[in-house]
Amino acid sequence: MGQGGTLDGLLDAEARASGPVGQALAEAFVCMAGAAKALSVLIATPPVGGRLGAKAGTANSDGDQQKKLDIVAEDLFSDSLRKAGIGAYLSEEVEEATVFHPAGLLAVAIDPLDGSSNIDVNAPIGTIFSILPMVAEAVADPASAFRQPGRKQLAAGFFIYGPQTSLVVTFGKGVHLLVLSPELNDFVLVESGITIPPDMPEYAINASNYRHWHEPVQTYIDDCVRGEEGPRGRNFNMRWIGSMVADAYRIFMRGGIFLYPGDKRPGYEQGRLRLMYEANPVAFLAEQAGGAATDGIDNILDRKPHSPHQRVPFVMGSADKVERVREYYLDLNPPTRDAPLFGRRGLLRG
Ligand code: AFP
């Protein structure tokens, strides 16, 4: 389907034609798109009685806008996916996975509002989702639906609520970008076959954690910071928005690398991001866009999950940059910070 078509046309081409699972996928997308539209209106509407990031119960209790926004997002997406007839549901906002419809064909893991600490500063926030096939065991053990590796995802993507409300999505045959048109009240296809530009010297990491990082990450970032005078021989730019959807969106549009590694802080041994509804969907998109995503060494999509809210170190972006981080981790070219000119890795570090 060509540029300028709508989400429905994309669903005809990518999902509906492929039998009952494809039809279930299309239904899930129609319902999630409805929830995303409602959420984007809510985000754009002046809040009554307080800022949009107000905590539940802090503002007057007349309407949804007074609820904490991530609770509103949870309600919108869980209701929409229940209506869509999905089998199993897992959300960042709920402790346990749930079976919505035992005969449903899909299992959906979702972060209804990624980047919620950015609500009050009017920076982009988003909704990230991963769609897996339902499994029979889930009826007795709902979490089992989500113990499938990310490689099994049927579709994944994120809505981003920024200057535009957009949807970045894959059904396993490339990545599509759709933008919500206020005139049509519909998502319009802007581009298919998105690829992460390979050559952008830009990295995203929360550099305030530098002292907590393990040496491979410190050295990788040191080498970027040293710019033209360092082993990379070129200057790097840095961005950190604090909503992974926004950092990931930028990388899909103009390239670069994103890192949220495990570090030495108690509780951050596996980084901060959640495997099932943050790392897996973005990793699937990255691979489909010609990029890569690892935990520093191994491919995220091959990781067998063990618990619903587990964290995972996450490195995502253009394939060569992600591979370079892997080399630092594997110590293929061990770093020496004080060696003259290029360090022990010499030109290999370029
Ligand atoms: P919140 O949804 O709690 O704001 O977390 C957002 C997030 O999971 C991810 O979107 C960011 O990349 C990351 O956390 C930011 O974490 P730091 O605040 O530790 O930099």
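Visitor: How are H4 and H7 oriented to each other?
Guide: In this predicted model, helix H4 (residues 215-225) and helix H7 (residues 319-330) pack with their axes 8 Å apart and at an angle of about 130°. Angles of 65 to 115 degrees count as roughly perpendicular and those over 145 as roughly antiparallel, and the angle here is about 130°. H4 and H7 are therefore, in relation to each other, oblique.

Visitor: How do the residues of the contact of H4 with H7 divide into nonpolar, polar and charged?
Guide: On the side of H4 the contact is made by Pro 216, Val 217, Thr 219, Tyr 220 and Asp 223, while H7 brings Lys 321, Arg 324, Val 325, Tyr 328 and Tyr 329. Sorted by kind, the residues of this contact are six nonpolar, one polar and three charged.

Visitor: Does Ile 110 count as buried or exposed?
Guide: Ile 110 lies in strand S3 (residues 106-114), and nine of the nine residues of S3 are buried, so the strand is largely enclosed by the rest of the structure. Among the residues that Ile 110 touches are Met 32, Phe 77, Leu 81 and Phe 129. Because a residue under 20% relative accessible area is called buried, Ile 110, at 0% relative accessibility, counts as buried.

Visitor: Which residue in S3 is the bridge partner of Ser 91?
Guide: Strand S1 (residues 88-91) runs parallel to S3, and four bridges join them. For Ser 91, the bridge partner in S3 is Ile 110.

Visitor: Over how many bridges do S3 and S4 pair?
Guide: Asp 111 stands opposite Ile 128 in S4. S3 and strand S4 (residues 125-133) pair in the antiparallel sense, and the number of bridges is seven.

Key
Residues numbered from 1 in each chain as written. Predicted model: local features only at pLDDT ≥ 70, side-chain atom pairs only at ≥ 80, totals over all residues. Heavy atoms only, no water. Axes fitted to C-alpha atoms, helices over the stretch in contact; angles between N-to-C directions. Helix = DSSP H or I, 4+ residues; strand = E, 2+ residues; numbered from the N terminus. Parallel < 35°, antiparallel > 145°, perpendicular 65-115°, else oblique. Contact = heavy atoms within 4.5 Å. Nonpolar A, V, L, I, M, F, W, Y, C, P; charged D, E, K, R; others polar. Buried < 20%, exposed > 50% of the residue type's maximum accessible area, 1.4 Å probe, protein only. Pairing = 2+ DSSP bridges. Lists of a residue's contacts leave out its neighbours within four places in sequence.
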